[in-house]
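Thank you all for coming; I would like to walk you through one structure this morning, going slowly from one place to the next. Please have the sequence and the model open as we go.

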Amino acid sequence: MSSQFPILVAIAPLLTAPICALLRGKTAPWAVTTIASAYAFYISLQLLLTVASFGPISYELGGWAPPWGIEYVVDLLSGFMLVLISGVSTGVLLFARESVTKEVPTSQLGLFFAAYLLALTGMLGICITGDAFNVFVFLEIMSLSSYALIAMGERTDRRALTAAFQYLIIGTVGATFYLIGVGLIYMMTGTLNIADIAARFPEIEGTRPILAAAGFIVIGLAIKLALFPFHIWLPNGYTYAPSIITAFFAGTATKVSVYLLIRYIFTVFGVNYSFQGLELMDILLPFAVLGFLTMSAVAIYQTNIKRLLAYSSVAQLGYIILGIALANETGLTASIVHIFNHAIVKTGLFLSVGCMFFVVGSTYLKDLEGIGRRMPITTFGFVLGGLGLIGVPLTPGFISKWYLVVAALEKGSVIGYGLVALLMVSSLLAVIYIWRVVEVAYFRDMPEGTVKEEAPISLLVPTWLFILGSFYFGIETSFNVGIAKAAAAFLMGGA
């Protein structure tokens, strides 16, 4: 059975999705979805443990040997991503049972959870497949279901429909760019197997079609991961989607596209071609810096707490891209670590906001005055999560920024020292936008007639699971930092 785990991790949620679509009621679709996600999480853990002990796993679909057949590959990085995605999904689903019934009509819950499972399938498939075109297939499965999930927020705000449409248009452009790039590579190599492309790449890396292919793929993935200035779809999508979808996507969707970018830059193109031939440092580094500075500043002026956190997510993606752009092992380690750390922290924060929405019915700051006294447990969890975004010691945000600072200093130039200063400025901006929420929550009076009321325990438990988990991974870093270091060393050495 364990020999089939690489295919089961993607096919289990895929086959469960149509079953969910046929189910009715509040409990059955949720229960089936949670079981499928938990099973994928279990398989992902087993795959990661196997890879850590025995090395990468290769699985041939239908018995067709690569490069002729589709190959699924699990190495440290893809195994790490599988655990992150399925783990966040399972944790969020624990929150969903009561939360989703308040935001999605009961008659649509079967379809809602079916779309959720398809999005999960797409994300897991992207991380495990070793075929460039198969990546596009899973990317579309993830994207199409994501559009539907965001649109289902229309019960609480009709703007969810325009947010979903905006995401559809921009996301389609990104996916098309990626597909054009893959087509050009196939024209030059005659293969779609990623490992086979990487082996043949040195022979063709100087050609114009390959230069165009690299450009299309990098820009397409930059759009999908919401890198500044291609981020325009993300704030509306996160703001108007149902609470659990915002939490799920914040922890996983953009991270999957970052994973793909890392895979192409370091596995397919190679370090030398990426940063000398394509000069990606000169392209990615300015966008990363502008992203984490401007988006942190924009977050300060938001009046909706979900939109504030959405702009914060774009800023945090800037940190991840900065680590990639530095083109050294420490920088890549920082990026991989922050993929994990930010996913845990931001999921916890959005679940905290989901608790507030469940009780108050709004995520606008003006409606959350005095929420710290009305919902003390929930609000305290939000504040602790905010410390992780700022990068206070003992939080995972501190670990990520520490490695980014070290990576910048390894450059040993004015640029390196300047980046350290800008990282400090960005952290100060994070203090300001988190403080805005603290000020509204604790230093303003509750509206007249408001009584102390907490979210149900079924919402608080998964929320605090992520908040406390973030502190655990900020103190005990052997898992997240250990795997990130090993994955970065492998990618840099094997490039």
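Let me begin with Ile19, which at a relative accessible area of 46% counts as partly exposed. This is a predicted model, so please hear every value I quote as one computed from predicted coordinates. Ile19 belongs to helix α1, which covers residues 5-22, and its C-alpha atom is separated by 39 Å from that of Thr477, a residue 458 places away along the chain.

A second residue of this kind is Tyr42, placed in helix α2, residues 28-54. With a relative accessible area of 43%, Tyr42 is likewise partly exposed, and between its C-alpha atom and that of Leu76, 34 residues apart along the chain, there are 16 Å.

Now to the packing of helices. Two packed helices are described by the angle between their axes and the distance between the axes. Take α5, residues 132-151, and α6, residues 159-189, whose axes come within 9 Å and cross at roughly 175°. Angles over 145 degrees count as roughly antiparallel, and α5 and α6 are therefore roughly antiparallel to each other. On the α5 side the contact includes Phe133, Phe136, Leu139, Glu140 and Tyr147, while on the α6 side it includes Ala164, Tyr167, Gly171, Tyr178 and Val182. What is the make-up of this contact by residue class? There are 18 nonpolar residues in the contact of α5 with α6, together with three polar and one charged.

Staying with α6 for a moment, Thr189 also lies in this helix, and Thr189 is buried, its relative accessible area being 8%. The side chain of Thr189 reaches the backbone oxygen of Ile185 at 2.8 Å, and, if we leave aside neighbours within four places in sequence, Thr189 is in contact with Ile197, Arg200 and Ile204.

The other helix pair I would like you to look at is α16 with α18, the latter being residues 414-442, and these two pack at an angle of about 170° with their axes 9 Å apart. By the cut-off of 145 degrees that I mentioned, α16 and α18 are therefore roughly antiparallel to each other. Among the residues that meet here are Thr379, Phe380, Phe382 and Gly386 in α16, and Ser427, Tyr433, Ile434 and Tyr442 in α18. The residues of the contact of α16 with α18 divide into 13 nonpolar and three polar, with no charged residue.

Next comes another threonine, Thr330, in helix α14, which covers residues 329-360. Is Thr330 buried or exposed? At 16% relative accessibility, Thr330 counts as buried, because the limit for that word is under 20%. The side chain of Thr330 makes a polar contact with the side chain of Glu410, at 2.7 Å. Beyond residues up to four places away in sequence, Thr330 touches Tyr403, Val406, Ala407 and Glu410.

The peptide bond from Phe228 to Pro229 is cis, with omega near 10°. In the loop between α8 and α9 we also find Ala226, which has a positive phi of about 65° although it is not a glycine. Ala226 counts as buried, at 0% relative accessibility.

Leu394 gives us another positive phi in a residue other than glycine, with a value near 80°. Leu394 is found in the loop between α16, residues 376-390, and α17, residues 396-410. At 54% relative accessibility Leu394 counts as exposed, whereas Ala226, as I said, is buried.

That brings me to the end of the tour, and I am happy to go back to any of these places.

How values were computed. Residues are numbered from 1 along each chain as its sequence is written. This is a predicted model: local features need pLDDT of at least 70, side-chain atom pairs count only at pLDDT 80 or more; totals for chains, interfaces and linings use all residues. Side-chain values use heavy atoms; hydrogens and water are left out. Helices (H or I, at least four residues) and strands (E, at least two) are DSSP runs, numbered from the N terminus. Buried means under 20% relative accessible area, exposed over 50%, partly exposed in between (1.4 Å probe, protein chains only). A polar contact is a pair of N or O atoms within 3.5 Å; within protein, one must be able to donate a hydrogen and the other to accept it, and residues adjacent in sequence count only if both atoms are side-chain atoms. Contact means heavy atoms within 4.5 Å. Axes are lines fitted to C-alpha atoms, for helices over the stretch in contact, and angles run from 0 to 180 degrees between N-to-C directions. Angles under 35 degrees count as roughly parallel, over 145 as roughly antiparallel, 65 to 115 as roughly perpendicular and the rest as oblique. Ala, Val, Leu, Ile, Met, Phe, Trp, Tyr, Cys and Pro count as nonpolar, Asp, Glu, Lys and Arg as charged, and the others, Gly among them, as polar.
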